[in-house]
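User: I would like to learn how to read helix packing and pockets in a model such as this one. Could you take me through the features step by step?

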Amino acid sequence: MRGRPTIFKEKELLEKAQHIFWEKGYTATSLEDLLKAMQIGSGSFYNTFKGGKKELFSRAIQQRREAFAEFKAIVDTSTTPLEVIKDFYRSLAHADKQTHLQGCLIANTVTEMTFVDQSLEEEAVRVLKEVEQMYIDVIENAQRDGTMKNKTSAEILGRYLITFWNGFNVTRRMYPDNAILKVQIEMQLSILS
């Protein structure tokens, strides 16, 4: 029956939308794609996301930021934060092929939105810079306490890890093979010795 209120959980809707954005990107994702994935009607969609697809996408970016905040909390409370970061990268060599082909929603957004939508691009860049700052802080502490011997500037190494992340999300699409990726990951992490 049309007009009947639909009860749903917003977080679940965002997760469903994220999967479509991950697979198709922002531009290629249609409203029909979103409604089908989220299993809601257009009325419910616009009642929940008054700014339409762009608001939904922005909120999907914010949800990835929240996921990063959860990871950062783990890093911040660990006695070996550098190892937590390394283990995160190592865990990528155990992902399934679909995850490899999706890459990173945030890195994808920076690439797709450059010259298309400055505000969405800036949102994604802010998330990556927050991750970069976490890396810098962890590396500075590891250099200070002697758990890391490489004395290259923490800022350069933090940016290196972001560069690795962004590049890795292309490489994992080229070679969605965990054995190949494991070797690449270990080689890249060796700089943090």
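This is a predicted model: local features need pLDDT of at least 70, side-chain atom pairs count only at pLDDT 80 or more; totals for chains, interfaces and linings use all residues.

User: Which residues make the contact between α1 and α4?

Analyst: On the α1 side the contact includes Leu14, Ala17, Phe21, Trp22 and Tyr26, together with Glu10, Lys11 and Glu15, while α4 contributes residues among them Leu56, Phe57, Ala60, Lys53, Arg59 and Arg64. Sorted by class, this contact has 8 nonpolar, 3 polar and 7 charged residues.

User: How many helices and strands does the protein have, and what are its spans along the principal axes?

Analyst: The protein has 10 helices and 0 strands, and its C-alpha trace spans about 65 × 30 × 30 Å along the principal axes.

User: At what angle do the axes of α8 and α9 cross, and is the crossing left-handed or right-handed?

Analyst: Helix α8 (residues 118-145) and helix α9 (residues 154-174) have axes that cross at roughly 135 degrees and come within 8 Å. Angles over 145 degrees would count as roughly antiparallel, whereas α8 and α9 are therefore oblique to each other. The crossing of α8 and α9 is right-handed. The residues in contact include Leu128, Val131, Tyr135, Ile136 and Ile139 of α8, and Leu157, Leu161, Ile162 and Trp165 of α9. By class, the contact of α8 with α9 has 10 nonpolar, 3 polar and 4 charged residues.

User: How should I think about a pocket, and what is the volume of the largest pocket here?

Analyst: The general idea is that rolling a probe the size of a water molecule over the atoms shows where empty space is left. In this model the largest pocket has a volume of about 540 Å³. It is lined by 23 residues, of which Arg64, Ala67, Phe88, Cys104 and Trp165 are the closest to its centre.

User: Which elements give two or more residues to the lining of the largest pocket, and what is its make-up by class?

Analyst: The elements that give two or more residues to the lining are α4 (52-77), α5 (81-91), α7 (105-113), α8 and α9, and the largest share, 5 residues, comes from α8. By class, the lining of the largest pocket has 18 nonpolar, 3 polar and 2 charged residues.

Note on methods:
Residues are numbered from 1 along each chain as its sequence is written. Side-chain values use heavy atoms; hydrogens and water are left out. Axes are lines fitted to C-alpha atoms, for helices over the stretch in contact, and angles run from 0 to 180 degrees between N-to-C directions. Helices (H or I, at least four residues) and strands (E, at least two) are DSSP runs, numbered from the N terminus. Angles under 35 degrees count as roughly parallel, over 145 as roughly antiparallel, 65 to 115 as roughly perpendicular and the rest as oblique. A crossing is left-handed if the near helix is turned anticlockwise from the far one by less than a right angle, and right-handed if clockwise. Contact means heavy atoms within 4.5 Å. Ala, Val, Leu, Ile, Met, Phe, Trp, Tyr, Cys and Pro count as nonpolar, Asp, Glu, Lys and Arg as charged, and the others, Gly among them, as polar. On a 1 Å grid over the protein atoms alone, a cavity is a set of points where a 1.4 Å probe fits but cannot get out, and a pocket is an open set with protein on both sides within 12 Å along at least five of seven lines; lining residues have an atom within 4 Å of a point. Grid points are joined across faces, edges and corners, and a volume is the space filled by probe spheres set on the points.
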